[in-house]
Every structure is written in C-alpha cells, then in structure tokens.
Amino acid sequence: MLLDDLMPQYDVVERHRTIVRAPPAVVFRAIREANLSGGLITRALLAVRAIPAAIITIAKSPRAAKAEYGDRASMPRRVIRLGDFEGAGFRVVAERVPEELVIGLLGRFWTPRGGLCTDVTAETFHVGPPEGQALAGWNFTIRSSSDSCSELRTETRVRCAKDARWKFRLYWLAVRPGSGLIRRAMLNAIRREAESMSMLPDHRRIQ
C-alpha cells in the first residue's frame, strides 16, 4: 500500500470501508468526480469546523463579516469535488491507478484556520512534520471483490511533531466522531457516483 510506504509510523489512525457495485476503474474515477459535500451531515460538520474562523472574522470587522457571510448564504449550494480540496491545501501525493490514491495535508489542524501548507509532496512524508505541525496521510484504496463489485476503503493517518502531539490529541478527541461521519458520508458519495457511472450505456462506461 502506498500509504504504508509514505507513513509507516503515525500517532492516530482511522479506517472506513464500503462495497460498491462497480468495477475498480469506475470507482477510482468516481473519487475525483463525486460531490463530496452532498450529504447533510457533511455540510453541517464542515460548517461547524468553520465556526472558529468565522468568530475571528467577526471580531476583526463585524461589518465585513456580515457582508461576507451574507453573500455566502445567498449563493447556491456549491458542489465540492476532490479538486476543490486540493485548492485548499490538500495534495494528491501518490496514486496507483486504479488501486490507490493518497492525499497529504500539513498544518496546525487544531487552530481556527488550520494553518495549512500548500506545498505538500511525497518528500514531505519522508522528512516528517516540522516543529509545531502535524502531517496527515489520507488514502482511498479499491479492490475488486467480485466480477461486478469493489471494496472501497479510506484510511487516515496523522503523524505529529513532538511539540504538537498533545495539542493534536486534544483536538482529535473533539473532532474524531465528526471526522468519522464525514469520511463515511464521502464514501457513500463516491459509491453513489460510481454506481451511477456503471449504469451508463455501454459506450459511455469507463474502460
């Protein structure tokens, strides 16, 4: 597994799985195509995660905050795909089509804005997190379970710098239940997308 090579040592881990009625190639494409914000639980939990940043914005400038969040409320609900996460600091650091895709994330996750770095690479995993930060490796793996089905798994590992470990553990105690719900909701979104793709006419299916 690519994640084993990148992050053999870690402080916390979380795993989830589901069965998808589609072949691995279709499931792999669905990871990038699925709307990962579609579930009510996911939207609610992501909104809760944004509350600290919103409080800071309000404290700095109530008028600007009112304008910003008023504009957001009036906007149509946005589709969020993997590419949107990449724009926010998540980086695909390794992939083996159609078996595994690994996302890297480096920052101070326990702070209001997350302190995310945008230049995470496979080399970052070999070096490890710098002082005061934590490094997360988040993968999706696909294995054929029958002629028409696949097993889709996701695993999240986090490795912390020594001086950040206690901060992250306190944060993890608070967010782990919601984190698990979000990942299960994302697996369900990918499953629905892949099963929808697999039901397309033959000439439009993934080869």
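This is a predicted model: local features need pLDDT of at least 70, side-chain atom pairs count only at pLDDT 80 or more; totals for chains, interfaces and linings use all residues.
User: OK. At what angle do helix 2 and helix 8 cross?
Analyst: Roughly 125°, with the axes coming within 8 Å. Helix 2 and helix 8 are therefore oblique to each other.

User: Left-handed or right-handed crossing?
Analyst: The crossing of helix 2 and helix 8 is right-handed.

User: Switching to charges. How many salt bridges in the whole structure?
Analyst: Nine.

User: Which residue does D11 pair with?
Analyst: R165, with the closest N and O atoms 3.0 Å apart. D11 sits in the loop between helix 1 and strand 1, R165 in helix 8, and 154 residues separate them. D11 is partly exposed at 21% relative accessible area. R165 is partly exposed too, at 29%.

User: And what about E95?
Analyst: E95 bridges to R32, closest N and O atoms 3.4 Å apart. E95 is in strand 2 and R32 in helix 2, so the pair ties together parts 63 residues apart in sequence.

User: Now the greasy side. What makes the nonpolar surface patch of about 390 Å²?
Analyst: W166, L170 and L173 make that patch. L173 is in helix 8.

User: Is L173 buried or exposed?
Analyst: Exposed, because its relative accessibility is 67%, and the cut-off for exposed is over 50%.

Definitions and conventions:
Residues are numbered from 1 along each chain as its sequence is written. Side-chain values use heavy atoms; hydrogens and water are left out. Patches are made of residues with over 30% relative accessible area and no salt bridge: like charges are joined within 9 Å, nonpolar side chains (Val, Leu, Ile, Met, Phe, Trp, Tyr) within 5 Å. Accessible areas come from the Shrake-Rupley method with a 1.4 Å probe; for residues, only the protein chains shown count as cover. A salt bridge is a side-chain nitrogen of Lys or Arg within 4 Å of a carboxyl oxygen of Asp or Glu. Helices (H or I, at least four residues) and strands (E, at least two) are DSSP runs, numbered from the N terminus. Buried means under 20% relative accessible area, exposed over 50%, partly exposed in between (1.4 Å probe, protein chains only). Axes are lines fitted to C-alpha atoms, for helices over the stretch in contact, and angles run from 0 to 180 degrees between N-to-C directions. Angles under 35 degrees count as roughly parallel, over 145 as roughly antiparallel, 65 to 115 as roughly perpendicular and the rest as oblique. A crossing is left-handed if the near helix is turned anticlockwise from the far one by less than a right angle, and right-handed if clockwise.
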